[in-house]
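Here are my notes for you, written as numbered points. Keep the picture open beside them as you read.

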Amino acid sequence: MDVNDILKPENRVYKKPTLLNDNHMHYCPGCSHGVVHKLIAEILEEMHAEEIAIGIAPVGCAVFAYNYIDVDWIEAPHGRAPALATAAKRLQPDKLVFTYQGDGDMAAIGTAESLHAANRGENIAMIFINNAIYGMTGGQMAPTTLLGMKTSTTPYGRRVDLNGYPLAITNLMAQLDGTCYVTRQSVHTPAAVRKAKAAIRKAFENSLQGKGTSVVEIVSTCNSGWKMTPEQANKWMEENMFAKYPIGDLKNE
Amino acid sequence: MEEVRLMKGNEALAHAAIRYGADGYFGYPITPQSEVLETLEELRPWETTGMVVLQAESELAAINMVYGGAACGKVVFTSSSSPGISLMQEGLSYIAASEVPALIVNVMRGGPGLGTIHPSQADYFQATKGGGHGDYHMIVLAPSSVQEMCDFMWLGWDLAFKYRTPAMLLADGIVGQMMEKVVLPEPRKRRTEDEIRQLCPWAINGRKNMRPRNVVTSLELDDERMEQNNLRFQRTYREIEKNEIRYEEINTDDCDYLLVAFGSMARICQKVMEIAQEEGLKLGLLRPITLWPFPYEQIKKSSRNAKGILVVELSAGQMIEDVKLAVECKVDVKHYGRLGGIVPTPEEVLDSLKEQFSINK
Amino acid sequence: MAKIRGAVTVNTDRCKGCNLCVVACPTKVLLLQPKEVNNRGYHFAYMAEPEKCIGCASCALVCPDACIEVYKVKIEE
């Protein structure tokens, strides 16, 4: 059978979701952001949620998420996405409101807003991209940077005495009474992508059902910041990141 | 129905908000304005009008909740006092740059730093000259009575929505804490989602009927487009300057000396005028109601025949800079103010006027 | 016995040549173009051995730029 006989519309089993528009994404080759964007677009499409979805974009590499996923977006000041999401959801309870935050946003500058939104049990979904580095500003240390990990502000590796410990903020989130679903996923293999998709879908459904705050951490790579190929970065993540940030549900109520 | 009540300025503005049809309040307690949140919590508007009231974890969170709500085309506000307003400057700059309407109440207390809980007007620079980063302005309304605390909430929102810009009620601890008679306006209904879609087509409320997506953002990395954005903001500011200058004048026709004061100080200056009149000294009072846009032209006009201007402020001299700009060095401009939360007596102000302009000497 | 045959298309303009699809493919169908580049200068992915494709969509799932469409047929033998 010839390839052209297979490439027919009736045989198509996978395509780019329509809600992920044709704008060229500014992310580096192999960046995890693209996969997560694609999943969000797929899920919103499958849930027929285009008309009620509101995304809150962070500051960081994903600041331009609003250019790629075709729903309504507000671009928040650094770290404040959960505060904006709180208002957007409380003032419009019928909407599906989600934040998209990096590790600096969630675990450094926006720790207060993130923890308190979760502690109040705001009916929002928080998508948290943890790649242990500040990508957009050029690879500086993040609160989640691993000990010994080299970044442009820890050029000799992160040291406890100088920089403190990596912060597993998702573990803190799981302790809060306001969260209903806290999970840690990755998108580096086909199986992982499928699980991450199911997790984000559940978080979105929780937002609509008013069950409380859902947090989906995606342990991610930043191959440019880590100075590796995308393939090496995936391997490095499996070998190093998963020890500190183990994959799986932390809370599922 | 209209209602006549006796209440504090801080309480009046909470009532005014509910009656305007406000959708949400987000705030953090700080003296001397905590009655705003307390009054709202006591009135439980979520059970009547559906208004959301939320005590945030910080002023930073509160202003960003206001930003989020404003981006959704909702009628939202926050209130705080000076140190809290400093924390809010980040959000204010974003709100201005994103061109969304919001109302912020600052019941000023003395600074700098933690300062004092007593009244002050020393946030004039911060409110009128930007405060946060970048080239932006807020409409700044200065109430001098409990009635105006109520009325300017409505005016503030009307202007904020008309120009898609943040507006601030710049009150001080005196106006916030004092009790007066107030006529509360007849309540209005909150806007429905359909009304918001019509009035604010830019609002973040979901792509109903598959309309193109709306994005509220202050970011633009393309230099040319960012300059165009800034030029658009400036055009709006010129339009506001043209249409929205508000002030009150008392006895400014052929006065010997002109007093310029806002908020609570304008009330004290009224008494100063009365005492002076008994002594045969003709004083006029110009009270700017909008501190931005500032009534430059009117001050110039009203002081044309005056021998001098005394600017009376609870600060070391901030509004005096705008008054000097207004008169272009053609009139002698002096300042009198008390710091640290002290409110001057009318006699004290009059003595200062006489001394600084060498009257009766 | 039924046999599964698959095929993919790569949006070569969107592809950034990250190689993650090549790694993810269980049957080693895909490679990056060794010489040819797209309009952004990336060596884009292509089906080097199309007859091995089983249409599992692994490549498309891990693709960060959503450049891959997957087609699949069941052939009765």
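1. Start where two helices touch in chain B: Asn10(B), Glu11(B), Leu13(B), Ala14(B), His15(B) and Ile18(B) of helix 1 meet Glu35(B), Val36(B), Thr39(B), Leu40(B) and Leu43(B) of helix 2. Contact here means heavy atoms within 4.5 Å. These residues divide into 6 nonpolar, 3 polar and 2 charged (Asp, Glu, Lys and Arg count as charged; Ala, Val, Leu, Ile, Met, Phe, Trp, Tyr, Cys and Pro as nonpolar; the others, Gly among them, as polar).

2. A word on the source: this is a predicted model, where local features need pLDDT of at least 70, side-chain atom pairs count only at pLDDT 80 or more, and totals for chains, interfaces and linings use all residues. Residues are numbered from 1 along each chain as its sequence is written, chains are lettered from A and ligands numbered from 1 in the order in which they are written, and side-chain values use heavy atoms, leaving out hydrogens and water.

3. How do helix 1 (residues 9–20) and helix 2 (residues 35–43) of chain B pack? Their angle is about 50°, and their axes lie 8 Å apart. The two are therefore oblique to each other (angles under 35 degrees count as roughly parallel, over 145 as roughly antiparallel, 65 to 115 as roughly perpendicular and the rest as oblique).

4. Now to the strands (DSSP E runs of at least two residues; helices are H or I runs of at least four). An open sheet of 3 strands has the order 1(A)-4(C)-1(C), with antiparallel pairing. Strand 1 (12–14) of chain A and strand 1 (2–10) of chain C are the edge strands, each pairing on one side only (pairing takes at least two DSSP bridges).

5. Within chain C, 9 bridges join strand 1 to strand 4 (residues 68–76). Lys3(C), for one, has Ile75(C) as its bridge partner in strand 4 of chain C.

Key
Axes fitted to C-alpha atoms, helices over the stretch in contact; angles between N-to-C directions.
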